[in-house]
Amino acid sequence: MVLISTHKTWRFLFSAFFIAQLLRMAQADVHFYDFILKETNVTKLCSTKSIMTVNDSFPGPTIKVHKGDTVYVNVHNHGDYGVTLHWHGVKQPRNPWSDGPEFITQCAIGPGTNFTYEVIFSDEEGTLWWHAHSDWTRATVHGAIVISPELGKSYPFSKPDDDKVIVIAAWYMGDLKELVDEAMMEGTDLPHSDGYTINGELGDFCNCSKETTHHWYVDYGKTYLLRIVNAVMNAELFFAIADHSLMVVGMDGGYIKPIVATYIMISPGQTMDVLLTANQSLGRYYIAARQYSSEDAEVTGFDHSVGSAILQYRGNYSLSSPPVFPNATLPLYLDYGAALRFTNRLRSLGSKDHPVDVPRDVSTRMFITASMGEILCPNSSCTSVSGNKLGSSLNNISWVNPSLDVLSAYYRNLSGIYTADFPDWPPSMYNFTGDDLPDSVDMTYQGTKVKVLNYNETVEIVFQGTNVLKGSVNHPMHMHGHSFYVVRIGHGNFDNQTDPKTYNLIDPPHVNTFSVPKNGWLAIRFTANNPGVWFWHCHLDRHMTWGMDTAFIVKDGGTSETSIRPPPAYMPPCMDMVSHDISMQTSSIDDRVEMQQL
């Protein structure tokens, strides 16, 4: 009787589970978007120029989904050069084919062609964003992604009355693509921005911009959920709203323990969900953003402009007074302490519905230096002071884009595209954050080296900042295909005897982008549970362009549910595709990796 009862119980439980899964699948929705990429004339800073846009808008359209939904985005390239799109922070389980970084998971969508991305949402909830991932096109090709809770579920806080997307971007005078190409050819510094936009407008403090300043109208007593995206190319930002408190409740598509603050510090690539209650006197208040520069104080060539918008209360009152500016709450450019105080408060929510799962037993440990440096200039053609190219690196390897994307080469078992020997340690150990470093550490070496991980491998990486070329700054490191736990950040050189004892393994922030601090280190942990090829890079595009990036391959797990999905019927072709045999191979994943190591 007991066996029969147990059998019936298990049959009932299995049936209930199966029905629940079917209901969940039925609740998940599928959305379709058409993105038309084209050149659009835009006037800013008293000058008109042509920029690449999506659907004639800057920033581009907001994608709205519920947790677990799927989105198909058909990208039509009506522009003059190839482009790819990336869905920043969307893990794309088993689907690296639609992740988007050029030369990593695909080649560019050529002019006059189209490609459909399948964007698969899984556990993300909150705010993420999408952007171009080829050259510097993302400066104007980007937009927000709003991920609401699953149908029937609620926020882990009181439901706000409304929400507001705020996208902060960088504006450049001149033809940015030409400026970047010229600088790379000459080996000199890459362009610096000329202003910061909030929802596409520079605001009251920039020339020829006051008439178009973005206004956000609010009702007294209501609470709003701000969805803030830092889409800026090369700057961390301080952000504040005059006389209003900010309650930060989410970050990078997940929830955190609420933080009440008068400002935030947000790195390029990061997103934050912030609650604001409109509880001040009826009037107008500046929303303001300015750069946080982590460079040395004597470096003054960064963008000093202030991007602004106006929060304006609805109601009857005089508009004769100018908007209030957050003078007392918006930190100044070099306020290292303000940046650190905000960052140190970030903690995962760690609730029943949003648990923390930090890997405890680590199977792979890596120590990676993030450095500026120089690359030997061929034929003495560079115009820099040293005669070499400016470069950047991870473990002294400066990434070189291959002729064929790494994912295609890996999946099709093609040799000669990359090597599977990215080092776990730097080539030499020295006083990484010292002031007087030997000249021997200045030069970096180029290569297309990737790291290979087994499925479900637990990984700890310590990123160590260096002061090579006296170029120590924050490096916001972004990982594709996964989120990671920030178990500790620290100043100076990492000490592998004492510093691990200070790790936060209880409620560390769970993010996809986080900064290695100036002259300091960042320790992260994650589980490599998403098979595919995934990009790792600094989200300062200057550093990414110079080579501060790599990729890692997560091998299949042995079952169809833990293996890379087959590629779609069509992928954008690569220029060098004709020189490779791209027929599908049936060799095992281990064989593919071994061939790349030969």
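Reader: Which residues does V65 touch, leaving aside residues up to four places away in sequence?
Author: V65 touches H31, V71, F121, V146, I147 and S148. Please keep in mind that this is a predicted model.

Reader: What makes those residues count as touching?
Author: A contact is called when heavy atoms lie within 4.5 Å. C-alpha separations are another matter: V65 and A28 are 37 residues apart along the chain, and their C-alpha atoms are separated by 9.3 Å.

Reader: Is V65 called buried or exposed, and why?
Author: Its relative accessible area is 3%. The cut-off for buried is under 20%, so V65 is buried.

Reader: How do you know which strand β3 pairs with?
Author: Pairing requires at least two bridges. β3 and strand β8, residues 142-148, have four bridges in the parallel sense, so they pair. Along that pairing, I63 stands opposite I145 in β8.

Reader: Why is N55 called partly exposed?
Author: The class lies between the 20% and 50% cut-offs. N55 has 34% relative accessibility, so it counts as partly exposed.

Reader: What about F103?
Author: F103 lies in the loop between β5 and β6, and has a positive phi of about 75° without being a glycine. With a relative accessible area of 22%, F103 is partly exposed.

Reader: What makes G195 buried?
Author: G195 has a relative accessible area of 0%, so it falls under the 20% cut-off and is buried. G195 is found in strand β10, residues 195-198. Among the residues it touches are W171, L202 and D303.

Reader: How covered is strand β20, and what does it pair with?
Author: Eleven of the twelve residues of β20, residues 364-375, are buried, which makes the strand mostly covered. β20 pairs with β25 in the parallel sense over seven bridges, where I368 stands opposite F463. β20 also pairs with β21, in the antiparallel sense over six bridges, and there G373 stands opposite G391.

Reader: How do you know whether the chain's size agrees with a compact globule?
Author: A compact globule of 598 residues would have a radius of gyration near 25 Å; the chain has 24 Å, so the two agree. Buried residues make up 59% of the 598.

Reader: How many helices and strands are there in the chain?
Author: The chain has six helices and 32 strands. Among contacts between residues at least 6 apart in sequence, 80% join residues at least 24 apart.

Key: Residues are numbered from 1 along each chain as its sequence is written. This is a predicted model: local features need pLDDT of at least 70, side-chain atom pairs count only at pLDDT 80 or more; totals for chains, interfaces and linings use all residues. Side-chain values use heavy atoms; hydrogens and water are left out. Helices (H or I, at least four residues) and strands (E, at least two) are DSSP runs, numbered from the N terminus. The radius of gyration is taken over C-alpha atoms; the globule rule is 2.2 Å times the number of residues to the power 0.38. Buried means under 20% relative accessible area, exposed over 50%, partly exposed in between (1.4 Å probe, protein chains only).
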